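Dear colleague,

I am passing on the structure below, and I would be glad if you could look through it alongside these notes.

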Amino acid sequence: ASIWILYHPKVVGRENIPKKGPVVFAGNHTRWSDPPTLCAIVHGRQVHFLAKIELFRKGGLTTMITKGMGSIPVDRSKHDKGALDNAVNALKSGLSIGVFPEGTINRTDDITMPFKIGAVKMSHDANATLVPFVITGKYRLFRRGIQIEFLKPIENEDDLEKMNEKLRKAVSDGIVRNGGVQFERK
């Protein structure tokens, strides 16, 4: 509820979110507040985000929020097969997973950075619905500025590279169609 009060997000494409069954939500990453915002706006489903392991070790409010959201730790210093297995098992039990295929906040001038294969692999391996999303606009306290659009699901297929390219194209096209990501790059 506090996300709605703080940022007044505009949500488009709710009809693309399945009411039941495993779902992988995959999209662009603009700010640290993206995961709690997505968790708050996906009604009736808890979204378990893959989160860098450092957030679990940081302590304080950051660690409390990360753990409280049911996040799955990922060691980004290596190919973390354990994190992928944990996510696939969660999906097979009917849960929802959220992932940012770029692996981090995009601070480049490119619309998207290359997408890692994990989101489509999880979706394929768990026979989950893959729902792309796009975050555009700015997080503005107590005013509308941010928009989250859920796009049409992408069909699972055996060619994961092709599937990953479809995901990246859907997200990139959505960002462009919605006016781009507007935040200060560091």
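The model is predicted, so local features need pLDDT of at least 70 and side-chain atom pairs count only at pLDDT 80 or more, while totals for chains, interfaces and linings use all residues. Residues are numbered from 1 along each chain as its sequence is written, and side-chain values use heavy atoms, with hydrogens and water left out.

Helix α6 (residues 118–126) packs against helix α7 (residues 160–177) at an angle of about 120°, their axes being 9 Å apart; helices (H or I, at least four residues) and strands (E, at least two) are DSSP runs numbered from the N terminus, and axes are lines fitted to C-alpha atoms, for helices over the stretch in contact, with angles from 0 to 180 degrees between N-to-C directions. On the α6 side the contact (heavy atoms within 4.5 Å) is made by A119, V120, K121, S123 and H124, and on the α7 side by L160, M163, N164 and L167.

A83, in helix α5 (residues 81–92), counts as buried because its relative accessibility is 5%, buried meaning under 20% relative accessible area with a 1.4 Å probe and protein chains only. Leaving aside neighbours within four places in sequence, A83 is in contact with L50, I72, P73 and V74, and its C-alpha lies 9.6 Å from that of A51, 32 residues apart in sequence.

H48, in strand β3 (residues 47–52), is also buried, with a relative accessible area of 12%. Not counting residues up to four places away in sequence, H48 touches M69, G70, L95, S96, I97 and G98.

Best regards

Definitions and conventions:
Buried means under 20% relative accessible area, exposed over 50%, partly exposed in between (1.4 Å probe, protein chains only).
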